Structures are given as structure tokens and as C-alpha cells.
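Here's a friendly walk through one protein model. Take a look at the structure first, and then we'll go through a sheet and some charged pairs.

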Amino acid sequence: MPTEILMPALSPTMEEGKLSKWLKKVGDTVSAGDVIAEIETDKATMEVEAVDEGTLGKILVEEGTEGVPVNAPIAVLLGEGESESDIGEASGPTAAAPAPEAPAASEATAVSQKGPAPTGSLSPDAPRAPAAPRSGPGPAEMPDDQPDEPDVPAGTEMKQMTVREALRDAMAEEMRKDDDVFLMGEEVAEYQGAYKVSQGLLDEFGERRVIDTPITEHGFTGLGVGAAMAGLKPIVEFMTFNFAMQAIDQIINSAAKTHYMSGGFIKSQIVFRGPNGAAARVAAQHSQDYAAWYAHVPGHRVIQPYSAMDAKGLLKAAIRDPNPVIFLENEILYGQTFEVPADMDFVLPIGKAKVEKKGKDVTIVSFGIGMTYAMKAAAELAGMGIDAEVINLRTIRPLDIDTVIKSVRKTNRCVTVEEAFPTCSISSEIGYQLMEKAFDFLDAPVLRVTGKDVPMPYAANLEKLALPSVAEVIDAVKAVTYTA
């Protein structure tokens, strides 16, 4: 079907811009990587590259138009065999904001709203091939197949909130409760956060508790660890966890290990938080996912939230936890909207996964932004007659492998999804633990869908190929269910 090209952002805080010039016209053939337009703000001008190939079928926003919202459709790309009659009613720049579950547009290139069609996909009406016989007990024989406890009681008042707002509210609520809690990092105060996560905190709490630091991760991280050892409760924000490599000695050798090495005498109640993993066209040095790095080390906890509910409930728990906590956020998820309980004291337990979607045919396990691929794949698989159960790990260390095993005992198949490199990944650990603890219940090998084993490219078309896709998740599920 036709693909909408969205208005990209020049920065994490950009909300709208001017579409200054079209470099392609309707009917032109477009290849991935072709420059199709120019956009500008009062600070910068940028070329818009096509991510997919096809024919430019319709221009929705004329050149020279100002105030075009980020993520608004600006053009429609036609695939092979498609014509303008397939476009239908297209959205213009005044369209409502994109649905919360859609991934944020690229920071430096237009991205399509819909991923590539999975190769060899089954049509909804196609007969489904029978799965191989189960070697383990079926659902009726499951002694531990009990209902999962909900995060919130039925009837709880809920409200819509972005991940960015959820993180801010979590910090503000804990800072109001406890004068020992404070925030420090680059641009967290006067600029209100590089990604506006700390918006309003300086005004409420003042410069004593919301502290701008120099650009020296090793220095201010060590200062934070020392403050924690002295009894305060710092929240240390990294502009990106890629920069935290400058401070990894302070995080690992000082924060994570000192409690053990001091025989329990010295504690370090501290949270290290900030965006982690790929954003959009920031290349190899700013795109790495550090979940497996930090999960390898005993002495601290590692959390990677997906939704606004995850972000708020788990950040509040992290601030209260007496151990050091690595809190890995994702820049692309900051602007996405989810339901969150209105209760200001809502807290989630660290170390407990959530079954986001019930299913019986296959278990898909993911965390953080990987959940966007997992949930979209599950929705498409349902149309193919495959009922996938989706597990959101939420916490990486400690890993709630029991929830994964409970699901696999029912479905007998598992696919893991993450954006990080495949070697020594969280997926690798899940696969090993399932082999060790649930081997007799597996009717197919555990398959993983990860980022490719290459440094992240800068070019938009190559970046897209380096990251996982919904199509890859679907193909992996079809492989383990023998429906490919």
C-alpha cells in the first residue's frame, strides 16, 4: 500500500518547520537515499532523504509552507504496481498528531509510517500449516498457569501521558517527598534538559537540587557517587549513555562494587539515567544499546522501560531503591503517549516483567523500544492466524526469567527482539536460560531478532537496514511455528 513520508525533526525539541523546497516532483522515481526535499527552521536547513524506494505519487505539503508539524505527512510514495487511485484520503500538515504507538520520525530524515512488507507473509485467508506436535504439556496441564496480577486494580483512574512527562513527574514527585533527592547533569537546569525531560524542575526546586554540570562525565559522575556514599540520593542524567563510557569506572568500580567490598558499610543509593541506544542518524558513536554491558555486572540494577507507565512506575522505584540503578531510556520513545494511573504514588516493582498481550502460539520477548516491533508484529500475526504472547521485560537485571518460562511452557516457542548487537546480548542470555530451564517445553529453537552486527551507519537507508524490523519479527515467528 502507499507509504506516507513524514515531516522529520532537526532536533529532539523541534515541533514544526518550513518545507522550503521539493527536489522531486510527482511521478519521479525515488530510490532509498535520494534527497527529495529541503526543510528549515530559524536555526538550520536539512535535506530530506527517502528511506524507501518507489514513485512519488502525491505531494501533500507545497514548498514554501511554514509551520509544518513534525510527523505530519508531507508526501505519499507509491510502490511497484500502485497508482494515485490507491492513495485515498491523505492527511495534510494540519492532521492530528500520529498515533502513540507509531515510532517517532527520524531526527534527520523522513521515515515511512509502515515498515516493509514481510517476505512470504501469509494472507489472512490463507490456510495455516499445522505446527509440529508439542513435546511438553499443553495449557491444560500447566500447574503454574495462573492469571497474571495486573499493574493497577480494575477501575483505576488513568490519564494520557508521554514518556517524557512520566519521567519528569516521577522525579518531581520523589523530590517533593525526599529533600535528599537531587538531579544533576549537562543542561538539566537552565535548558530544562537536552530532551526536555527535566522541564520545570529548576523553577520548582531551585539550583541547589537541579544542578547543571560541566561537560565532564567522569567528573560529575564521581561527584554523584560520592554524594550517594555520603547519604544523599542523586539522579545523574547522561545526555546519552554513549557518553557514560567516560564515567564507566565510576559507575562500575565505585557505585556498583563498593557496597560489597566494604562489607555492607558503604552504600550508594543513586540512579544513572538518560537516553540509550539508537536515535536517528547519529551514527555509531551515539547509537549503542548498553543493556547487556551493564547487566553483566553484579552490584546494581538495570531497567529499560517501554511505556510511560513503565517509565514513571520504575523510575520512582529506582529512586527509592537502596542500590545503584542504571535506567536506560530511549530518545525515540520520549514523545510517545500511553496510559498512566492518575495516582501520584504509583510504583512498579523492579524485577517483574509484564505480559503486554496474551497468546497461545508463540512467546515474543522484548524490552524498551524493541517492544514497538514486538507489538506491531503481534498485531500483524493475528491477521495470519498466529496468536502471539508478548512479554515486556521492563527490568534487565534482575531478569524475570520465570515469567518467560511460564509463557514458553504454554506456547512451546520463543522469539526475542532487541535493537542491540546479537553477540553476548540479552537475547543470548534468555535463549540460554530457556535451554537450561525449559528445554523439554521447546518445540523449536529460540530465535532472536536484533540489530545487525555492524557499527551503526549514518546514512538513513543503511541505518534502517541495521535495525530490526517488524518483517524480521514476523519471519522469525513463522519459522518457529513452521508456517513460513
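Predicted model: local features only at pLDDT ≥ 70, side-chain atom pairs only at ≥ 80, totals over all residues.

## Before we start

A quick word on accessibility: a residue is called buried when its relative accessible area is under 20%, exposed when that area is over 50%, and partly exposed in between (1.4 Å probe, protein chains only).

Residues are numbered from 1 along each chain as its sequence is written, and side-chain values use heavy atoms, with hydrogens and water left out.

## A four-stranded sheet

Let's look at the strands. Helices (H or I, at least four residues) and strands (E, at least two) are DSSP runs, numbered from the N terminus, and two strands pair if DSSP finds at least two bridges between them. Four strands make an open sheet with antiparallel pairing, in the order β5-β4-β2-β7. β5 (45–49) and β7 (65–69) sit at the edges with a single partner strand each, so one side of each has no neighbour in the sheet.

Strand β2 (residues 16–22) pairs with β7 in the antiparallel sense, over three bridges. Glu-16 stands opposite Pro-69 in β7.

## Salt bridges that span the chain

Now for the charged side chains. A salt bridge here is a side-chain nitrogen of Lys or Arg within 4 Å of a carboxyl oxygen of Asp or Glu, and the whole structure has 26 of them.

Which residue forms a salt bridge with Arg-176? The partner is Glu-204, and the closest N and O atoms are 2.6 Å apart. This pair links distant parts of the chain: Arg-176 is in helix α1 (residues 163–177) and Glu-204 in helix α2 (residues 201–205), 28 residues apart. Glu-204 is partly exposed, at 41% relative accessible area.

Asp-179 and Arg-209 also meet in a salt bridge (3.7 Å, N to O). Here Asp-179 lies in the loop between α1 and β10 (181–185), while Arg-209 lies in the loop between α2 and β11 (210–212), 30 residues apart. Asp-179 is exposed at 57%, whereas Arg-209 is buried at 7%.

## A pair and a network

Asp-169 forms a salt bridge with Arg-168, with 3.0 Å between the closest N and O atoms. Asp-169 counts as buried at 16% relative accessibility, and Arg-168 counts as partly exposed at 23%.

Finally, salt bridges link Glu-173, Glu-174, Lys-177, Lys-312, Lys-316, Arg-320 and Asp-345 in a network.
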